[in-house]
Amino acid sequence: MHKHIQLTIHICAVTAAAVFVGWVIVVLFLPIFGLHLWQQEWQSQGKTSLRFSRIEIPFSNEVDLKNSLPFMAAAAIDINNDGRDEIFLGGGKHQQDGLFKFQNGVFENIIDSIFPAKAIDDATMGAASIDINGDRLPDVFVTRESGIWLYESGAEKYETRFLGTMPESNTVPLSIALGDVNGDGWTDFYASGYIRNNLVEGTTVFNKPYGGYSALFINNGDNTWRDATREAGLYRQHNTFSAVFVDLDNDLDSDLVIAQDTGHVEMYAGDGTGKFTPINNPSVFSYPMGVAAGDYDNDGLIDLYFSNVGHTMPEPLVRGDLTKDQAFNPDYMLFHNDGNLRFTDTARKTNTARYGFGWGVVFADMNLDGREDLLAAQNYARFPEFLTTSYPGKLLLQYADGKFHPVEKRAHAKNNHYGITPLISDVNADGWPDLIWANLAGPARAYLSKGGTHNWIKVRLPNNVGSVNAIVQVNLADGRTLTKQRIPGQGLGSDQTRELIFGLGTVNTITSVRIRFQDGRDLLIDAPGINSTLSIGGTP
């Protein structure tokens with residue numbers, strides 16, 4: 001389903017008789033009681049000492065709703081390898097992108113001194129960064145309406161290279177997933193594709209062939225790429241928002257997880273040679289949009305979280321052309337990794353299911369207690385025109401019982417704008433994750449953590465494809481093991497910090513850190529110090 005900000009859903013017609021009573025209730029009671037439209041989100045804010053302070057980013061996205069798809073890029077990129085990320089934000093069709101450095105307590109736009117200007121009539125949809133040429137500087141893949149671009153670092157400056165359009169002419173690339181799918185040491189990527197704005201039918205289409213085509217591009221061994229979608233077993237027509245490469249079974253090769261629109265979650269097992277086979281999963285017809293990957297229960301296996309349409313609107317309006325006997329799920333989905341490529345949806349059990357209309361989602365331990373938390377960008381829906389309900393983005397802390405509760409209001413990180421994705425980065429290098437909300441048709445918002453008493457360690461891997469899906473385990477003195485992977489492309493059209501930030505809680509001793517790379521390297525670092533950054537392989 002194409003989700004326009006106006007506001008934001010083109011939906012198929014339904015009979016007035018079927019929804020008349022619902023409209024009467026909404027119109028009469030929402031203005032009085034301030035209820036979320038059909039969502040009725042009664043959950044109270046959880047308890048937390050976590051607090052943020054808002055810092056302005058001098059950037060306001062200017063999406064062209066009539067002529068562009070409603071998406072924007074966001075990425076945390078350490079552009080000069082000084083240990084602090086800069087924030088890349090995509091501009092609309094008639095707007096330049098921004099690259100913001102945090103220094104002296106403010107964000108400054110430095111893009112003019114780093115990247116060549118883009119064509120002014122080209123909207124920027126997604127971004128992801130990695131060093132592809134071995135000079136230890138990040139190269140940046142950017143998706144735009146015109147196609148796929150690369151900002152490649154050179155001897156003196158960054159240069160722009162156009163990599164081409166999507167293989168199918170009806171498709172716009174939205175986001176980039178980075179990996180090495182055939183084990184040759186070169187960077188491959190998967191581009192999620194959506195149907196072009198002028199071809200959108202404006203209906204919730206499930207059952208007929210409709211949408212754009214995503215594509216897998218394999219590196220030729222010289223940083224040029226070829227379309228290998230068909231030979232990899234991944235060719236299909238379906239609108240897709242985002243995807244990630246992640247090692248789901250710890251076999252040291254990349255598997256692929258895809259959030260397709262108006263369909264099922266798609267998961268594929270990689271064999272290490274560039275071929276993929278489907279993995280069964282518990283999804284039914286739904287609207288998977290953003291995808292997050294993290295080990296939320298510390299069992300050493302990566303779990304998956306997907307945003308969805310939620311309960312913002314009555315189900316008849318979002319079922320589209322589904323028949324009565326076709327199962328439909330509007331909930332967010334949390335796939336617990338049970339091992340052996342089997343998954344169970346634990347969203348209801350963990351209180352992560354019932355939220356508003358969602359977009360990008362990310363795992364991150366925001367309070368550094370050793371448990372992964374969740375962040376979800378949300379927006380608002382308007383129907384009819386005079387009735388508007390907003391859905392601030394969610395900061396869901398995980399508590400000791402394994403359940404998640406929203407704390408964005410108490411933590412002072414509430415985002416009242418049209419969020420497309422959260423972005424996590426320690427922009428002030430104090431060890432605590434900071435939060436940036438990338439907002440469409442409005443200002444970006446940065447929320448800097450005020451910190452706390454919990455301990456931490458950051459693991460900084462080499463910024464190359466050899467580190468993608470590397471399994472990093474931090475073994476604590478209390479017997480716990482915390483696991484993360486380097487997974488580019490989480491969120492939606494976004495790329496999170498490449499630093500892996502592990503929260504230790506009150507533990508003050510790390511017995512060891514183990515890192516398993518896809519090429520077979522196995523590193524063991526004994527007793528690294530807490531509240532410090534562990535740089536691997538001479539990384540700055």
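Me: How many salt bridges are there?
Reply: This is a predicted model, where local features need pLDDT of at least 70, side-chain atom pairs count only at pLDDT 80 or more, and totals for chains, interfaces and linings use all residues. Residues are numbered from 1 along each chain as its sequence is written, and side-chain values use heavy atoms, with hydrogens and water left out. A salt bridge is a side-chain nitrogen of Lys or Arg within 4 Å of a carboxyl oxygen of Asp or Glu. By this rule the count is 23.

Me: Which residue forms a salt bridge with K458, and what parts of the chain does the pair link?
Reply: The closest N and O atoms of K458 and D426 are 2.8 Å apart. The pair links distant parts of the chain, 32 residues apart. Helices (H or I, at least four residues) and strands (E, at least two) are DSSP runs, numbered from the N terminus. K458 sits in strand β31 (residues 455-460), and its partner, in the loop between β28 (418-425) and β29, is D426.

Me: Is K458 buried or exposed?
Reply: Buried means under 20% relative accessible area, exposed over 50%, and partly exposed in between (1.4 Å probe, protein chains only). K458 has a relative accessible area of 3%. That value is under 20%, so K458 is buried.

Me: What is the relative accessible area of D426?
Reply: D426 is the salt-bridge partner of K458. D426 is buried too, with a value of 1%.

Me: Which residues are linked with D426 in a network of salt bridges?
Reply: The pair K458 and D426 belongs to this network.

Me: How far apart are the N and O atoms in the salt bridge of D522 and R514?
Reply: D522 is partly exposed, with a relative accessible area of 41%. R514 is partly exposed, at 31%. The closest N and O atoms of the two are apart by 2.6 Å.

Me: Which residue meets R480 in a salt bridge?
Reply: R480 is partly exposed, with a relative accessible area of 28%. The N to O distance is 2.8 Å, and the partner is D478.

Me: How many cavities of 30 Å³ or more are there?
Reply: On a 1 Å grid over the protein atoms alone, a cavity is a set of points where a 1.4 Å probe fits but cannot get out; lining residues have an atom within 4 Å of a point. Grid points are joined across faces, edges and corners, and a volume is the space filled by probe spheres set on the points. The count is 4.

Me: Which residues lie nearest the centre of the largest cavity?
Reply: The largest cavity holds about 310 Å³ of space. Its lining has 25 residues. Elements that give two or more of them are β18 (291-294), β22 (358-364), β33 (481-485) and β35 (499-505). Nearest the centre lie F363, K484, Q490, E499 and L500.

Me: How many charged residues are in the lining of the second largest cavity?
Reply: This cavity has a volume of about 80 Å³. Its lining includes D295, D365 and K484. Ala, Val, Leu, Ile, Met, Phe, Trp, Tyr, Cys and Pro count as nonpolar, Asp, Glu, Lys and Arg as charged, and the others, Gly among them, as polar. The lining has 3 nonpolar and 4 polar residues, and the charged ones number 5.

Notes
On a 1 Å grid over the protein atoms alone, a cavity is a set of points where a 1.4 Å probe fits but cannot get out, and a pocket is an open set with protein on both sides within 12 Å along at least five of seven lines; lining residues have an atom within 4 Å of a point.
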